[in-house]
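Please view the sequence and the model together before reading the points below.

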Amino acid sequence: MSLSNPDLVPIFHLPPASDPALLLELKTRRPPSLLDLAGCETWSVDFSPDGAWFAWSMGHGIVWVVAWPLDSEEGQDGETDRADKSFSCGHPVWGLAFGPKPPRSTTAAPPTIPSKGKSSLFLATGLENGVIKVWNVLTGNAVFDLRGHEGVVRNLVFPQNGTLTLISSSRDKTLRIWDLAHKGKKVQVLSGHKDWISCCCVSSDCSMIASVGRFDRMVCLWSLRSYTFMRNLTGTNKKLCLLSSCDFSPDGAVLATAAFSGSSWWIDLWDPYTAEKLATLADYFEDYGQNQISAIQFSPDGLHLAIVTEDRALRIWEPGERHMTMQTKRDRDSSGLCCNYHPQGGVIATGTRDGHVRFWRTPRTVPSLCHLCRAITRYSVSTQQIEALPLPKRILEYLTYRNIPERLKTCCSSDEEDWES
């Protein structure tokens with residue numbers, strides 16, 4: 001668990017009073033020999049399922065794990081104290097994920113633990129050389145390595161069913177489903193993408209996997225039950241763009257995908273059951289090729305969507321609204337790469353290209369009774385099943401998310417954003 005370089009450590013920074021949304025910032029203190037070199041990026045951040053731990057890839061093959069809430073007290077030399085853990089992975093870390101994630105139902109059996117220890121909290125780290133290292137978080141020991149990918153492991157996901165199943169996506173154009181209860185010896189390989197896979201995610205009922213291809217412009221749905229290809233949502237889309245991120249809403253009824261081209265980025269909202277595009281949020285800018293969208297994620301309550309782009313550290317959008325619920329100041333140096341909500345909401349972490357992490361206070365909204373009823377219903381009822389019910393048109397549109405305006409547009413060439421429906 002020792003660091004390969006003891007000078008590579010995180011330092012807590014309290015935010016300036018001018019930015020009330022910023023709670024805290026973690027910056028990496030690096031030796032002069034590592035300054036301004038490639039490999040320092042924070043490609044991935046994650047909170048543990050219970051929200052008690054936070055992990056981030058701080059660059060140069062190091063993953064740092066700290067207890068949450070963070071202890072703001074610092075030692076005399078400015079270094080963090082007490083329960084911090086560091087994992088030296090030997091290669092740049094592109095993806096990481098805590099697991100297993102407990103199911104929404106409390107009746108499920110507890111997962112089988114493939115180690116002699118009593119801890120059931122693991123951290124999977126996806127490396128540049130295609131290896132996935134699995135760590136026991138509380139003991140700090142490496143449990144085993146998963147080998148099979150032939151390219152960068154870009155994304156890792158534990159499904160929310162309490163099992164030791166791990167889904168990985170890679171630049172080798174494949175997804176792999178690993179059974180950690182058998183030390184990864186039982187593997188399912190999903191092939192179909194024609195180029196790098198940027199991101200993958202799992203629906204809340206653990207029935208579907210979504211993946212987006214960076215260059216092939218494919219949004220693929222896979223069955224997590226039969227390990228088969230279901231459909232490509234983009235069909236024969238010929239528009240030149242790069243796909244960067246995807247996420248299911250907490251009820252699994254909406255899939256959000258993020259893409260960008262030279263002069264715009266946009267987010268498409270899909271119905272994964274019917275392959276219907278529900279809405280598109282588009283953003284246009286003047287500086288060609290200077291504002292890619294890096295990551296998106298739904299809030300735990302499903303009311304908001306977090307957006308990370310190159311020109312702003314964070315935007316929070318309520319799907320269907322014509323204005324951002326929250327957005328940070330325009331900052332070309334923010335260079336955001338990833339984001340992850342705390343499981344209980346209220347806080348989101350963002351990682352940057354320079355290896356730093358920022359924690360932001362996010363809007364807390366009391367969900368309406370309508371939203372709660374829809375979320376509970378859609379968790380277990382497909383769109384086709386909803387459409388078969390004798391419901392008034394307005395209720396049917398609400399339950400199937402067709403009440404969202406089809407197209408939303410903003411122009412970011414000025415400080416004042418002009419929204420149109």
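Strand β21 and strand β22 (residues 276-284) pair in the antiparallel sense over eight bridges. Two strands count as paired if DSSP finds at least two bridges between them, and strands (E, at least two residues) are DSSP runs numbered from the N terminus. The model is predicted: local features need pLDDT of at least 70, side-chain atom pairs count only at pLDDT 80 or more, and totals for chains, interfaces and linings use all residues. Residues are numbered from 1 along each chain as its sequence is written, and side-chain values use heavy atoms, with hydrogens and water left out.

- Four residues lie between β21 and β22 in a hairpin, and Ala275 in the turn has a positive phi of about 65°.
- Strand β20 (residues 255-260) also runs antiparallel to β21, and six bridges join the two.
- Thr257 has Asp268 in β21 as its bridge partner.
- A hairpin of three residues connects β20 to β21.

**Burial of β21**

- Eight of the eight residues of β21 (residues 264-271) are buried, so the strand is largely enclosed by the rest of the structure; buried means under 20% relative accessible area, exposed over 50%, and partly exposed in between, with a 1.4 Å probe and protein chains only.
- In a regular strand, side chains alternate between the two faces of the sheet.
- In β21, Ser264, Trp266, Asp268 and Trp270 point one way, while Trp265, Ile267, Leu269 and Asp271 point the other way, and all are buried.

**An open sheet of four strands**

- Four strands form an open sheet with antiparallel pairing, in the order β23-β24-β25-β26.
- At the edges stand β23 (293-298) and β26 (326-327), each with a single partner strand, so one side of each has no neighbour in the sheet.
- β23 is joined by five bridges to strand β24 (residues 305-309), and the two run antiparallel.
- Ala295 stands opposite Val308 in β24.

**Backbone features in loops**

- Trp68 and Pro69 are joined by a cis peptide bond with omega of about 5°, and Pro69 is in the loop between β5 (62-67) and β6 (85-88).
- Another cis peptide bond, with omega of about 0°, joins Gly99 and Pro100; Pro100 lies in the loop between β7 (93-99) and β8 (122-127).
- His60 is not a glycine, yet has a positive phi of about 55°; His60 is found in the loop between β4 (53-59) and β5.
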